[in-house]
Amino acid sequence: MANSLDYVGGWVHLRPDRMIGLPFLKPLYEPGPYDYTNGMVLFITYRCDEAALRECLPRELEPLEGNYVAMTFFVWPEVTGMGPHSFSMPVVPVRYGDFEGSWIPYLFTSTDRSLACYREVQGWPAELGSVELTEAQGRVRARVTRNGREIMAATAEVSGEVGELAEFPPVILYKEIPSIDGTGLDVATFLTSTSKFTNVAFRNGMGTLAFTDPGEHPIARLKAMEIVGASFGSMDDHYPETIRLLDPLG
């Protein structure tokens, strides 16, 4: 559109069928799907107290037998549409009716671009936090920091032999957008999504997990009763490979 003093509106054409992104002149993130490349990943798998799990689950979800949690630590040097970032999250195996998936009650991510994308697009429960992950001669160390304090730390010792990575079930997401006047919700729905993992190379072993200085953050309630195992390695991820509506709440 020509720059005309006779035109009184703005020049940004908003379309309901195509994402524009905010802020208009330099959007924080691009539309997906997203390709995560050359990731470094640590999983600490453990059994958790059932009451602690139920405390962070919606009524629609039921924890699977064993009350397992996989605390995950990811460092991604290359991500399309969002740029490099790191994140950490507990993954809880659950059942939604007859459908089995995994629930993510908390997520720490290191950049404003990834935080906005995770929360606005998919409903991931993201807040700012940075993940450090290092490995030397089979000894792995990870930690999550937020606002200058170390929320949690993990260690692992893994073998030199490349092994299998346990199946990662579909993720169940709850996407909520409140109405601006605070009287209700514009969106309240359960979704499910899957990833396509490639170039997977993991080594298995045992590990530790501690919530070192969480303050009042409720993630510390998901403490480990029994460590089951640890997996460390690298992979690529195309996300989402699939995404579909499970059910609108209410």
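The protein carries 20 positive and 33 negative side chains, and the centres of these two sets lie 3 Å apart. In this count Lys and Arg are positive and Asp and Glu are negative, while His and the chain ends are not counted, and the place of a charge is taken as NZ of Lys, CZ of Arg, CG of Asp or CD of Glu. The model is a predicted one, in which local features need pLDDT of at least 70 and side-chain atom pairs count only at pLDDT 80 or more, whereas totals for chains, interfaces and linings use all residues. Residues are numbered from 1 along each chain as its sequence is written, and side-chain values use heavy atoms, with hydrogens and water left out.

The protein has 2 helices and 14 strands, where helices (H or I, at least four residues) and strands (E, at least two) are DSSP runs numbered from the N terminus. Its radius of gyration is 20 Å, close to the 18 Å that the globule rule gives for 250 residues, so the protein is as compact as a globular protein of that length; the radius is taken over C-alpha atoms, and the rule is 2.2 Å times the number of residues to the power 0.38. Along the principal axes, the C-alpha atoms fill a box of roughly 70 × 40 × 35 Å. Of the 250 residues, 43% count as buried, a word that here means under 20% relative accessible area, with exposed meaning over 50% and partly exposed lying in between (1.4 Å probe, protein chains only).

The strands can be followed through their pairings, and two strands are said to pair if DSSP finds at least two bridges between them. Strand S3 (residues 68-76) has 7 of its 9 residues buried, so it is largely enclosed by the rest of the structure. Strand S1 (residues 34-47) runs antiparallel to S3 and is joined to it by 8 bridges, with Val75 of S3 as the bridge partner of Met40. S3 also pairs with strand S5 (residues 85-96), again in the antiparallel sense, over 7 bridges, and here Ala70 stands opposite Val91 in S5. S1 in turn pairs with strand S14 (residues 226-248) in the antiparallel sense over 12 bridges, and Arg47 has Glu226 in S14 as its bridge partner.

Ile151, placed in strand S11 (residues 149-163), is buried, with a relative accessible area of 2%. Although Ile151 and Thr212 are 61 residues apart in sequence, they are 5.8 Å apart in space, C-alpha to C-alpha. Beyond its neighbours within four places in sequence, Ile151 is in contact (heavy atoms within 4.5 Å) with residues including Phe108, Val144, Phe211, Thr212 and Ile219.

Some details of the backbone also deserve attention. Most residues other than glycine have a negative phi, and most peptide bonds are trans. A cis peptide bond, however, joins Tyr239 and Pro240, with omega about -10°, and Pro240 lies in strand S14. Asn38, in strand S1, has a positive phi near 60° and counts as partly exposed at 46% relative accessibility. Asn147, found in the loop between strand S10 (139-146) and S11, has a positive phi near 55° and is exposed, with a relative accessible area of 70%.
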